[in-house]
There are 2 protein chains.
Amino acid sequence: MRVSELSVESGVAIATIKYYLREGLLHQGRQLAATRADYDDSHLRRLRLIRALLEVGRLPVAAIKQVIEAVDDESLSVHHMLGTAQYALGPTIEPEPGEEWDAARAQVDLLIGELGWDVAPTAPTRDELTQTVVRLGQLGLSTDLTVYAQTAQRLVAEVEMDTVPFDGPREAAVEALVLGTVLYGRAFDALRRLAHESESARRVGGVPKNVDGSGQPG
Amino acid sequence: MRVSELSVESGVAIATIKYYLREGLLHQGRQLAATRADYDDSHLRRLRLIRALLEVGRLPVAAIKQVIEAVDDESLSVHHMLGTAQYALGPTIEPEPGEEWDAARAQVDLLIGELGWDVAPTAPTRDELTQTVVRLGQLGLSTDLTVYAQTAQRLVAEVEMDTVPFDGPREAAVEALVLGTVLYGRAFDALRRLAHESESARRVGGVPKNVDGSGQPG
């Protein structure tokens with residue numbers, strides 16, 4: 001198909017498609033003439049993935065480029081490719097060297113070990129969790145995350161990973177992982193706050209429901 | 001105590017304390033002379049709460065002001081006060097009128113009803129979840145959030161709400177709710193991505209662990 005059809009089919013503006021081509025995020029089409037190229041389903045799939053990373057994952061273009069490179073590098077296993085995308089979704093954490101950090105990091109590594117999780121020793125997600133454990137400790141909150149970890153494990157093993165098509169095109173697996181990670185994460189966060197409201201109502205509420213549209217809890 | 005001691009005890013700079021006093025976030029001290037005032041534990045508690053809302057909750061000052069007003073308004077029940085804080089933590093959602101939105105909203109309301117949750121009909125968290133359901137549907141992903149909701153319920157009822165001191169000073173309850181919501185939310189998000197990596201390794205991994213520090217998944 002021509003670039004104009006590709007634009008219609010993908011919902012991505014022609015100028016944006018040309019930008020992705022220049023940046024190397026989208027592979028070139030088959031050149032038909034000096035100013036005409038032919039695009040196919042692989043371009044559509046790639047544009048879908050870019051949109052997912054950009055709009056739902058909210059990744060910067062530089063990070064999207066890294067993910068795309070991992071998708072294109074067939075020498076990388078599907079697991080490594082997914083890891084590249086997963087790591088790009090997390091925040092960038094600067095470890096804060098010191099006893100406090102080291103103790104929190106040891107606690108994170110111990111937890112992962114106790115659960116028998118197969119996570120790279122160098123996974124940046126370990127640093128991310130370490131930072132939160134440090135913060136919890138500084139604020140005098142419990143740093144025991146066992147129940148959270150067990151809950152995450154159940155959710156991921158029983159529901160989430162089943163939605164990732166490991167056997168299809170590489171783009172499709174990355175897209176499903178990114179969309180699922182972000183959107184179900186967002187859904188869970190809202191559900192957790194809804195459950196908070198309900199549980200709070202049960203424990204200290206008891207006032208009649210407020211239906212005046214003021215947005216106050218019931 | 002003097003403002004200088006309050007600054008040392010709270011870790012908040014004097015200039016910042018004066019800014020909070022001007023903005024009405026912090027109540028005035030007992031005036032001893034034209035330029036000297038006396039502060040007590042209630043000011044320390046308030047500064048702790050402001051820091052929690054600002055640094056961990058990342059709320060803008062206008063939202064912090066709303067929360068503080070709810071803390072100060074003793075005519076509001078603890079449940080309403082906590083709701084104000086909880087709602088401030090969520091993103092601001094603009095409903096997108098139309099059939100798609102209405103169907104998603106009905107689905108959210110049905111889910112909350114089926115779970116027997118006591119959530120205000122006007123809770124903005126309903127809109128927040130509705131937006132995610134719309135997005136999931138548009139992207140062809142499952143909008144069945146039952147397992148997520150049940151998981152959130154278990155976590156909140158069995159672990160999370162026990163950390164909120166409902167009977168103490170009003171600031172302490174809000175602070176615990178805000179810190180817990182944000183930090184355990186962040187921890188769960190990281191744990192979920194760690195579980196993803198592990199589950200992916202189990203399903204399609206099988207390559208030896210990479211310990212060269214490249215940050216690639218194992």
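**Reading a predicted two-chain model**

Chain A of this predicted model is divided into domain 1, residues 3-89, and domain 2, residues 99-202.

Q: How far apart do the C-alpha centres of domain 1 and domain 2 of chain A lie, and how many residues does the contact take from each of them?

A: The C-alpha centres of the two domains of chain A are 28 Å apart, and the contact between them takes 17 residues from domain 1 and 15 residues from domain 2. On the domain 1 side, the elements of chain A that give two or more residues are α3, α4 (61-72) and α5 (78-89). By class, that side of domain 1 of chain A divides into twelve nonpolar, two polar and three charged residues.

Q: Where in chain A is the confidence of the prediction highest and where is it lowest among the helices?

A: For chain A as a whole, the mean pLDDT is 89, with 94% of its residues reaching 70 or more. Helix α6 of chain A (residues 99-115) has the highest confidence, at 97, while helix α3 of chain A (residues 41-56) has the lowest, at a mean of 89. For the complex, the predictor gives an ipTM of 0.86 and a pTM of 0.85.

Q: What rotation and what shift superpose chain B on chain A?

A: The general idea is that two copies of a chain are related by a rotation about an axis and a shift along it. In this model, chain B is superposed on chain A by a rotation of 180° with 0.0 Å of shift along the axis, at an RMSD of 0.0 Å. The two copies are therefore related as by a two-fold rotation axis. In chain B, the C-alpha nearest that axis belongs to B:Thr151 and lies 3.6 Å from it.

Q: How many residues does the contact take from chain B and from chain A, and which element gives the most to the chain B side?

A: The contact takes 78 residues from chain B and 78 residues from chain A. Four elements of chain B give two or more residues to the side that touches chain A, namely α5 (78-89), α7 (124-138), α8 (146-158) and α9 (170-204). Of these, α9(B) gives the most, with 25 residues. The chain B side has 39 nonpolar, 26 polar and 13 charged residues. Because 100% of the interface residues of chain B are also interface residues in chain A, the copies meet through the same surface.

Q: Which residues have the most contacts inside the largest nonpolar core?

A: As background, nonpolar side chains tend to be buried together in soluble globular proteins. Here the largest nonpolar core has 116 residues, and those with the most contacts inside it are A:Val174, A:Leu191, B:Val174 and B:Leu191. Leaving aside residues up to four places away in sequence, A:Val174 touches A:Leu49, A:Val67, A:Val71, A:Met81, A:Leu82 and A:Ala85.

Q: What is the phi of A:Arg58, and is A:Arg58 buried or exposed?

A: Most residues other than glycine have a negative phi. A:Arg58, although not a glycine, has a positive phi of about 50°, and its place is in the loop between α3 and α4 of chain A. A:Arg58 counts as exposed because it has 10 C-beta neighbours inside 10 Å. In chain B, B:Arg58 also has a positive phi of about 50°, lies in the loop between α3 (41-56) and α4 (61-72) of chain B, and is exposed, with 10 other C-beta atoms within 10 Å.

Definitions and conventions. Residues numbered from 1 in each chain as written. Chains lettered and ligands numbered in written order. Predicted model: local features only at pLDDT ≥ 70, side-chain atom pairs only at ≥ 80, totals over all residues. Contact = placed C-beta atoms within 7 Å. Nonpolar A, V, L, I, M, F, W, Y, C, P; charged D, E, K, R; others polar. pLDDT = per-residue confidence, 0-100. Least-squares fit on C-alpha atoms with pLDDT ≥ 70 in both. Domains from an automatic or database assignment. Core = buried A, V, L, I, M, F, W, Y, C linked by C-beta atoms within 7 Å. Buried ≥ 20, exposed ≤ 12 C-beta atoms within 10 Å, placed from the backbone.
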